[in-house]
Amino acid sequence: MKFSIGGSLKLAFRPWVEGLENIPAEGPAILASNHLSFSDSFFLPAVLDRKVTFIAKAEYFTSPGVKGKLTAAFFKGVGQLPVDRSGARGAGEAAIQSGIKVIEAGELFGIYPEGTRSPDGRLYRGKPGGLARVALATGAPVIPVAMIDTEKIQPPGKVVPKLMRPGIRIGKPLDFSRYHGMDNDRFILRSVTDEVMYEIMKLSGQEYVDIYATAAKRQIADAEKAEKAAKAEKAEKGEKADGTSE
């Protein structure tokens, strides 16, 4: 199914790719990518000869009905791995353990260090948990990846994608084996994550913002809420001024 989906995506969107030679022909590696669109997890596997496994919330695989079954089949077909977000330690720990299992099986593990899609096309601070912990626990090389223009194909909230060419730049593998076994040192985790994000920034050409994307989304939501409230207050004052409302 991966090849049929990948072939369809390549035929329809004709993505360009640079640095394919940096993907090992065999053996484990972590692909750390920026995250601009829901479609990122489909375009990257489409241009690779090897399977790459990303993490997806378990709800995508357990929804009832025909639509649920089709959705589950689709996500399995493109290499998504379900993670149960319940439990005391939540999705973060589950994702880390799933990533370690993928690496131990000698496969490619895909991860978005930002933890969520960029709200405005800029590159945000990487979260020091998943990426660095999997890398240091396994010793697997980290390959930085930059998705280009995928947010223009399918902006947040848009269901029907726009036909245009996205790009993918794949950087040289980063070796963090010198820190092997130090996956509980928060300073090392931060250092490893920042180094990877710097390489992604160079590949993508994105403006870097040194806050988490989740915080940026809250700021944007708060600003939109305040703007709506201000407009509503202005409209109310206008109605009172012209006598149409008490």
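Asp-40 is buried (under 20% relative accessible area, with a 1.4 Å probe and protein chains only) yet has no salt bridge, a term for a side-chain nitrogen of Lys or Arg within 4 Å of a carboxyl oxygen of Asp or Glu. The nearest side chain of opposite charge, Arg-117, lies 7.2 Å away; here Lys and Arg count as positive and Asp and Glu as negative, while His and the chain ends are not counted. This is a predicted model, in which local features need pLDDT of at least 70, side-chain atom pairs count only at pLDDT 80 or more, and totals for chains, interfaces and linings use all residues. Residues are numbered from 1 along each chain as its sequence is written, and side-chain values use heavy atoms, leaving out hydrogens and water.

Asp-40 belongs to helix H2 (residues 40-46); helices are DSSP runs of H or I with at least four residues, numbered from the N terminus. Beyond its neighbours within four places in sequence, Asp-40 is in contact (heavy atoms within 4.5 Å) with residues including Tyr-112, Met-147 and Thr-150.

Thr-150, in turn, sits in helix H7 (residues 150-153) and is buried, with a relative accessible area of 0%. Among the residues it touches, not counting those up to four places away in sequence, are Leu-36, Ser-39, Phe-43 and Pro-166. Thr-150 and Ser-39 are 111 residues apart in sequence, but 7.0 Å apart in space, C-alpha to C-alpha.

Elsewhere, helix H6 (residues 130-138) packs with helix H8 (residues 186-204), their axes 9 Å apart. Residues making this contact include Leu-131 and Leu-136 of H6 and Ile-188 and Val-192 of H8.

Definitions and conventions:
Helices (H or I, at least four residues) and strands (E, at least two) are DSSP runs, numbered from the N terminus. Buried means under 20% relative accessible area, exposed over 50%, partly exposed in between (1.4 Å probe, protein chains only). Axes are lines fitted to C-alpha atoms, for helices over the stretch in contact, and angles run from 0 to 180 degrees between N-to-C directions.
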